[in-house]
Amino acid sequence: MSYEELHTRLAAHGQEHLVKYWPELSQNEREQLASEINKLDLSEMSDIFHRAMESTKVILEKTDDDLKPIPQAHYESVPGLTESKVQMYENIGFKEISESKVGVLLLAGGQATRLGFGHPKGMYDVGLPSRKTLFQIQAERILRVQGMAEEHTGKAGKITWYIMTSEHTRAPTAEFFKSHNYFGLKEEDIVFFEQGRLPCFDFDGKIFLDEKYHLSSAPDGNGGIYRSLKSQGVLDDIVKRGVQHLHAHSVDNILIKVADPIFIGYCKTKNADCAAKVVRKSSPSEPVGVVCRVNGFYKVVEYSELTDEAAERRNPDGQLTFSAGNICNHYFSSEFLLKICNYESKLKLHVAKKKIPYVDANGIKQKPSEPNGIKMEKFIFDVFEFAENFICLEVARDVEFSALKNADSAKKDCPSTTREDLLRLHRKYIRQAGGIVEDDIDIEISPLLSYGGENLKDLVENEVFSISPFHLKSMHESMNGNGTNGVNGNH
């Protein structure tokens, strides 16, 4: 496309400043800039900017009358279920897994910058006895739950793992999986795709230049997954494979029960099109969003949007009224995803005013000290309001949620807290299976041996565990000698 054609196209949308430095650019730089501009649907970008600015004006006054907790009929709590009910859900989940109807949507786009680790967060090793990374732990949970489904049904099914990376993390993530032989999974059962990006705008709707030949842009948030699923052929793949249930979660929860058969079975039984796992808020002031109903629609209300009165309100039994803490752990039927991706443009845009470096009118790169523009993102949970049958499953925090977000200096949601949370849970599993272990013993159970505390009794009953650190492995791992640098379990 010639300069004149580019200029005409941009001018129609008030963005002709993007080719201001064309005469100064080399051939390669011109090609890069033209390619970036051609990828944009300029009328859509203009629409997105105006929608974003409107949404910041319409700050919903959530009066307490509009705000309701999730009705009991749409809510169950795993710790409160009978053993037979849990078993029933799990068996239904195993059946769906054995028929290859279950997929996992992993949100793995984040760089671990806050951890001071210049790689995709899934490659992080929190210092477990086995030195396994988040990716390896999750891959091995998939392998184990596939095996459990086969043991229960006599039929071997496959879980398809859809991994959303970002533009920058895709290559290193794919390379990491390849160099680790896909952690024992089949390469064809893993599908990588990329999170999208949106341009950064100034307050007048002009797109910033980050360099004279490069537009300024930012990731479009985890809610960008819906557009990426459609634009990159992932929805077609889901249909082609006959996947009916998708378990979506972020990579940074070290306790995630990947493709949890209980969750899948619960959602299938209730014929849900969309669901959320939640944990009970630890206190009124815990800064997590809560899942609730606003004007009859299911939404996640951010901590900052809840009035103090609503945050502190309690039921007659003393429990917090708005206690369903959102942990980015969701279920979607494939039917719902196919539908939602068609009206993804209706998703709310969340606007953040930011200090965005840019090339100014004199061609000089500026680093502003005050916010000078906006970045926009979409959130994965903003589709809840479009669901026809939305349900919630409360799970125990100590069993299913510990997030890795910060460096150890933060003393919270950091490598040492996630490591300790996992080791504490594994000590609990050992004790439940009849083993004896003191609180100061670091004992890790391989996901290939046990997904959620099962399959341990024969190994640990009446055994005293006194060596620390200790990695209790599956027979297969012990024979192959893989997956650990620490002291091996020799059972």
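Predicted model: local features only at pLDDT ≥ 70, side-chain atom pairs only at ≥ 80, totals over all residues.
The largest nonpolar core holds 74 residues. Within this core, Phe135, Trp161, Phe177 and Leu472 touch the most other members. Helix H5, residues 134–153, supplies the largest share of the core, with 8 residues. A second core is separate and has 40 residues. Among its members are Val300, Leu337, Phe386 and Cys392.

Strands E4 and E5 were examined next. E4 spans residues 160–165, and E5 spans residues 190–194. The two strands pair in the parallel sense, over 5 bridges. Met164 stands opposite Phe193 of E5. Between the strands, the chain passes through helix H6, residues 170–179. E5 is mostly covered, with 4 of its 5 residues buried. In a regular strand, side chains alternate between the two faces of the sheet.

Glu90 presents a separate case. This residue belongs to helix H4, which covers residues 83–98. Glu90 is buried, yet has no salt bridge. The nearest side chain of opposite charge is that of Lys257, 6.8 Å away. With residues up to four places away in sequence left out, Glu90 touches Pro261 and Ile262.

Key: Residues numbered from 1 in each chain as written. Heavy atoms only, no water. Core = buried A, V, L, I, M, F, W, Y, C linked by side-chain atoms within 4.5 Å. Buried < 20%, exposed > 50% of the residue type's maximum accessible area, 1.4 Å probe, protein only. Lys, Arg positive; Asp, Glu negative; His and termini not counted. Salt bridge = Lys/Arg side-chain N within 4 Å of Asp/Glu carboxyl O. Contact = heavy atoms within 4.5 Å. Pairing = 2+ DSSP bridges. Right-handed = clockwise from strand over helix to strand, strands pointing away.
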